[in-house]
Each structure stands twice: as structure tokens, then as C-alpha cells.
Amino acid sequence: MRGLYPEVEPYASGMLDVGDGQQIYWETSGNPDGKPAVFLHGGPGGGTSPAHRRLFDPAKYRIVLVDQRGCGRSIPHASEPDADLATNTTWYLVEDLEVLREHLGIERWLVLGGSWGSTLALAYAETYPERVTELVLRGIFTLQRRELDWYYEGAAGQLFPERYADFLEQVPGVAPGDRIAAYHRLLFDPDPTVHVPAGKAWTTWESSTSSLFENPDRIEESAQAAHATAFARIENHYFVHHGFFREGQLLDEAPALRDIPGVIVQGRYDVVCPPITAWELHRAWPGSELVIVPDAGHAFDEPGTLHQLIEATDRFAVR
């Protein structure tokens with residue numbers, strides 16, 4: 001079973017001004033002359049971590065990590081009291097990737113993303129297919145209405161009733177179909193006694209359901225006030241706006257990926273992003289390979305999922 005590559009430190013990093021008062025953090029590690037690859041984190045609002053560098057062979061890849069607008073080390077941070085997310089949308093993030101690619105002097109790159117990172121990877125690759133050498137995607141999420149309803153409006157709570165009860169404590173009496181909107185009002189309330197508990201409840205629901213076996217460290221880390229507030233605000237902002245997509249857009253436009261080789265890695269018991277969407281993408285994307293991991297949930301670092309991700313990046317390491 002394959003595991004993460006050894007720890008590696010960045011050889012370059014910086015803050016890139018992408019306009020609209022936004023500066024995004026970026027870094028590069030591995031081989032400066034290696035095959036370029038960019039990692040797109042989840043959430044939206046999750047930020048990157050050193051472990052994400054380790055999905056790639058550092059001897060063969062020029063590894064690019066980027067914190068998307070408003071989260072991680074990018075500024076302004078969405079946890080700030082006057083956070084304005086008006087220019088934090090899918091299409092701004094797609095253009096930020098192009099600005100970063102050009103800034104780094106990269107002509108084409110492999111794109112790896114999981115969960116929301118798969119969403120952004122698809123949006124980017126469908127917009128700029130000529131800039132993508134390969135796609136490695138995990139936990140497919142296309143922000144269709146049924147995906148959001150499944151996870152936030154009650155159905156997934158039938159599998160995690162005690163955890164969903166905690167989620168509902170912030171929105172008592174709110175009917176299914178209105179809970180994302182109700183959280184929106186709480187998360188953007190300027191009073192920290194309102195938005196911080198809401199942020200912690202929102203992020204804890206996700207972190208407690210993201211793997212086949214509950215990970216207490218992940219749950220505790222996700223509930224830190226600044227991270228939880230930024231993560232929940234950004235994520236909820238995107239979900240209220242349906243990802244800034246028309247319904248079914250990413251699947252409808254998947255034929256644009258026909259010349260891009262790709263691997264879709266999907267946990268069989270992924271409650272956050274159920275396998276049906278990965279199956280639909282596979283059918284819509286000519287030439288894609290779908291790998292169902294039989295003993296995994298949603299998280300990238302579950303053993304079977306991690307093995308398949310490393311296998312995919314190793315396979316594509318030859319330029």
C-alpha cells in the first residue's frame with residue numbers, strides 16, 4: 001500500500017496580488033525542473049497543508065500549492081469581522097489559477113483536486129483545457145442541488161444522527177430545504193457569539209463525517225475559531241449561490257475534457273460526496289478512469305484512497 005512521500009519544504013513562496021484587494025499565498029517544492037503540478041484544496045475555504053506536497057514524487061514534480069481567496073495564508077482572511085466575499089467566486093478562482101500559472105512561467109500543469117478541489121479543477125480544466133496535462137480527482141463534487149440537499153438538508157443525517165443533531169442545534173425549527181440559508185444568516189452575523197458557534201458546528205459536521213472511521217484530531221483542528229469561521233463562511237457562501245454554476249454545468253461541459261487523461265478516485269462510503277456523482281462524471285468524460293476504493297470515505301488520507309492518488313501521480317510523472 002502506497003503512502004505519502006517524505007516531507008519536503010518549499011524552495012520558493014510568495015503572496016500574489018490577483019486584484020480586488022486579494023493576495024493569495026503560493027509555494028513551490030520538489031524539483032524546480034520537474035513536471036509542473038498544482039494541488040487544489042477542498043472546502044472551499046480549507047487551505048493547504050504540508051501533507052499535500054507529499055502526494056507527488058519530489059524528484060519528478062515541480063509541486064505548486066495555493067491557498068484560495070480568503071483562507072489559509074491568503075489575505076484578507078474570511079474570518080475577519082468585515083469579510084467581504086463579493087469577489088470570492090468560482091470564476092475568480094479559475095482566473096487566479098491562470099494568473100498564478102503565468103506568474104510561475106508554467107505552460108501546462110497536472111491538476112489534482114479533491115472534494116471542492118475537484119469542482120475547481122473541473123471548472124478550470126473545462127475553461128482552459130489546453131493548460132491541463134492530466135487531472136487527478138477525488139471525492140467528486142459538482143454542486144448540483146441534490147448534492148447539497150443530501151448532505152446539509154437531512155438525508156446524510158440518517159447515517160450520522162447524533163452528529164446531525166449537533167448541526168441542527170444552531171438552526172432549531174428550520175425545515176429541510178432552508179438550513180443552508182439559515183446558517184448563512186448566522187455565519188455572516190457580525191456578532192462573534194453568533195457566527196463562531198455556527199462556524200464550529202458547520203465545520204464539525206463535515207470533519208466528523210469525512211472518513212470511514214472518525215478522526216478526533218481532524219475534528220478538533222477544524223473547530224479552531226478562525227479556521228472554522230473562514231471555512232464555514234466561504235463554503236456556505238458558495239453553496240447559497242450553488243457554486244456560481246447553472247444546474248449540472250460541470251457534467252454538461254465534461255466533453256471539453258476529452259483530450260485530457262484523468263483518474264477519478266472515489267471512496268465507496270463517501271457520505272460527503274456520494275459515489276453517484278463520480279460515476280456520472282466518468283460517463284460524461286471520455287477517456288477517464290474511475291477507481292472506487294472499497295473501504296474509504298471522503299478523506300484524501302484514508303489508506304486506500306491515498307494509495308490510488310499516489311499511484312496516479314506516479315503514473316503521470318513522465319512528461
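This section describes selected helices, loops and residues of a predicted model.

Helix H7 covers residues 192-207, 16 residues in total. At 1.5 Å a residue, the helix should span 22 Å. Its end C-alpha atoms lie 21 Å apart, which agrees with that expectation.

Helix H2 (residues 90-103) packs against helix H3 (residues 116-127). The angle is about 70 degrees, and the axes are 10 Å apart. Because angles of 65 to 115 degrees count as roughly perpendicular, H2 is assigned as roughly perpendicular to H3. The crossing is right-handed. From H2, the contact draws on Thr90, Trp91, Leu93, Val94, Leu97, Glu98 and Arg101. From H3, the partners are Trp116, Leu120, Ala123, Tyr124 and Thr127. By class, the contact residues comprise eight nonpolar, two polar and two charged.

Two cis peptide bonds were examined. One runs from Gly43 to Pro44, with omega near 0 degrees. Pro44 sits in the loop between strand E3 (35-40) and helix H1 (50-53). Another joins Ile75 and Pro76, with omega about -5 degrees. Pro76 belongs to the loop between strand E4 (61-66) and H2. Both Ile75 and Pro76 are touched by Gln22. Gln22 is placed in strand E2 (residues 22-30). Its relative accessible area is 7%, so Gln22 is buried. Other contacts of Gln22 include Leu16, Asp17, Arg69, Gly70 and Thr87.

Positive phi values occur at Asp20 and His242, neither of which is glycine. For Asp20, phi is near 60 degrees. Asp20 lies in the loop between strand E1 (12-19) and E2. With a relative accessible area of 44%, Asp20 is partly exposed. For His242, phi is near 55 degrees. His242 occupies the loop between H9 and helix H10 (249-252). It has a relative accessible area of 31% and is therefore partly exposed.

Glu311 is located in helix H12 (residues 303-315). At 34% relative accessibility, Glu311 counts as partly exposed. Along the chain, Glu311 and Ala296 are 15 residues apart. Their C-alpha atoms are separated by 16 Å.

Notes: Residues are numbered from 1 along each chain as its sequence is written. This is a predicted model: local features need pLDDT of at least 70, side-chain atom pairs count only at pLDDT 80 or more; totals for chains, interfaces and linings use all residues. Side-chain values use heavy atoms; hydrogens and water are left out. Helices (H or I, at least four residues) and strands (E, at least two) are DSSP runs, numbered from the N terminus. The expected span of a helix is 1.5 Å times one less than its number of residues. Buried means under 20% relative accessible area, exposed over 50%, partly exposed in between (1.4 Å probe, protein chains only). Contact means heavy atoms within 4.5 Å. Axes are lines fitted to C-alpha atoms, for helices over the stretch in contact, and angles run from 0 to 180 degrees between N-to-C directions. Angles under 35 degrees count as roughly parallel, over 145 as roughly antiparallel, 65 to 115 as roughly perpendicular and the rest as oblique. A crossing is left-handed if the near helix is turned anticlockwise from the far one by less than a right angle, and right-handed if clockwise. Ala, Val, Leu, Ile, Met, Phe, Trp, Tyr, Cys and Pro count as nonpolar, Asp, Glu, Lys and Arg as charged, and the others, Gly among them, as polar. Lists of a residue's contacts leave out its neighbours within four places in sequence.
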